[in-house]
Amino acid sequence: MLDYFKKGLKKTADAMKSVAPKQRKRIPLDELEDILLEADVEYELIEIIMRELYEDTVTRSQLESKLLATMAWANYTKPEYSNPFVDLIIGVNGAGKTTTIAKLAHHYKSEGNRVMLGASDTFRAAAIEQLTRWADKLDVPIVSSKQGHDPSAVAYDAIDSAKAKGFEHVIIDTAGRLHTQTNLSNELKKIVRICDKAHSGAPHRKMLILDGTQGNSAIAQAKAFNDIIGVDGIIITKLDGTAKGGSIFSIAYALQLPILYVGVGEQPEDLVPFNKYAFIEDFLDAIFIIEEDSVTTALGEKTAITLTEADYQTLFKLINADGYDVLSKHFVREKSTWNEFKLIANNDIQQLEIVNQQGDVLHHYPLDSITAPEPLNTLPADKRSEEPVVEIKPVIKIQSLNEVQRKTLYGFINNDGYDVLSKHFVREQSTWNEFKLVVNEELQQMEIQERSGNVIKAYKAETLV
């Protein structure tokens, strides 16, 4: 799944490279402004980001922290509900609404769920026909009516039918409308009320479809829809067909709403759950030098602290023992509160630190507590012990897996009903609950764990390597 964002950002990356053809460790501020503008980040947001950068040149980690801050609302938690879970899809004509409904239905069906479609766009006969063709192609049932019939009645019948048949999901289409059309806005409010009558709490999620090729021009449209019925989340379509991928930062920041999915292609499987960490990582790969397994770069360009791979794992163990999960190269999340904090290197006193937004140090890890001791076999040959060397099994590290091994692991995880969010987190497809992906060195296996540490799934090293 993680490669999908790189695919969707290809045109955006090409646009940024037209300004900065070579990847670098540091980028001058004035050039960074041009790069972000080329990616269609809104200028007002660029000004905010630039004000928060206090040096003449910017490192990857510095920019990553600012971009993550724009997506403080990108997380989504499903409300409590009883089946079926009802999605109400809204948006203007041409945004890719009908195609996205089909992709979402495919996504749910691939998880083993039964899906019912409701063709409540009775404003256009073509919309009913198009959604019906998709339903036939995907082999999912659809409730529809004739053009001009009451769309609220169609929504009610779809939910009622799904409840009677024990379906897990209902996806309801609505008329593609402009936010300025009062009659259609009132119709939308009525659909919401009728959904609740059909099934308490429905629609459980109101999702707005935004055309990625419109970039920042979609923000005003989205704000208006949010004022009408209260949008729960955003789906960005056609990301692969635009050089305006940077507008996602502007949309997330301006709307303060979670981005739930992005469309990165025309195939049914090309609608993927949004992961802000993976998205930002791929966005920055276009302009910054990629230095895999480089802790010096990962923990800040200025630091002189350099750790080996073994040291890196020791640091992460200490962080985990102190009650934090490692989210990315620069951020951790407190297990008890899920608050996020920065991970930085303090070269002056030779330690790594977890700090809050105010710069207060919450935990620190002196360098000598992280780095491994010198090897014991450095004695002269004539003084070495002749006792047989005890064979030690290699420690498995997800960072050290090659591409084939990583795909094998992710394939196992996906077959067990989870989506891989990052190297350290997975999400259960049926519930959207997130779990940790950790290395158990003692048992030589990868584990999916609950926040309490209970192991849900385990994958032995010999099945991966």
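**Charged pairs, stop by stop**

Start by selecting D232: at 26% relative accessibility it counts as partly exposed (buried is under 20% relative accessible area, exposed over 50%, partly exposed in between, with a 1.4 Å probe and protein chains only). Before moving on, note that this is a predicted model, where local features need pLDDT of at least 70, side-chain atom pairs count only at pLDDT 80 or more, and totals for chains, interfaces and linings use all residues. Residues are numbered from 1 along each chain as its sequence is written, and side-chain values use heavy atoms, with hydrogens and water left out.

K206 sits in strand β7 and D232 in the loop between α10 (218-229) and β8 (233-237), 26 residues apart. Helices (H or I, at least four residues) and strands (E, at least two) are DSSP runs, numbered from the N terminus. K206 is buried, at 11% relative accessible area.

Next, pick D87 and R205, whose side chains form a salt bridge at 2.9 Å, N to O. D87 belongs to strand β3 (residues 85-90) and R205 to strand β7 (residues 205-211), so this pair ties together parts 118 residues apart in sequence. Both D87 and R205 are buried.

Last stop: K97 and D173, a salt bridge at 2.8 Å, N to O. Here helix α6 (residues 97-110) supplies K97 and strand β6 (residues 169-173) supplies D173, 76 residues apart. K97 and D173 are both buried.

How many salt bridges are there by this rule? The count is 9.

How values were computed
Salt bridge = Lys/Arg side-chain N within 4 Å of Asp/Glu carboxyl O.
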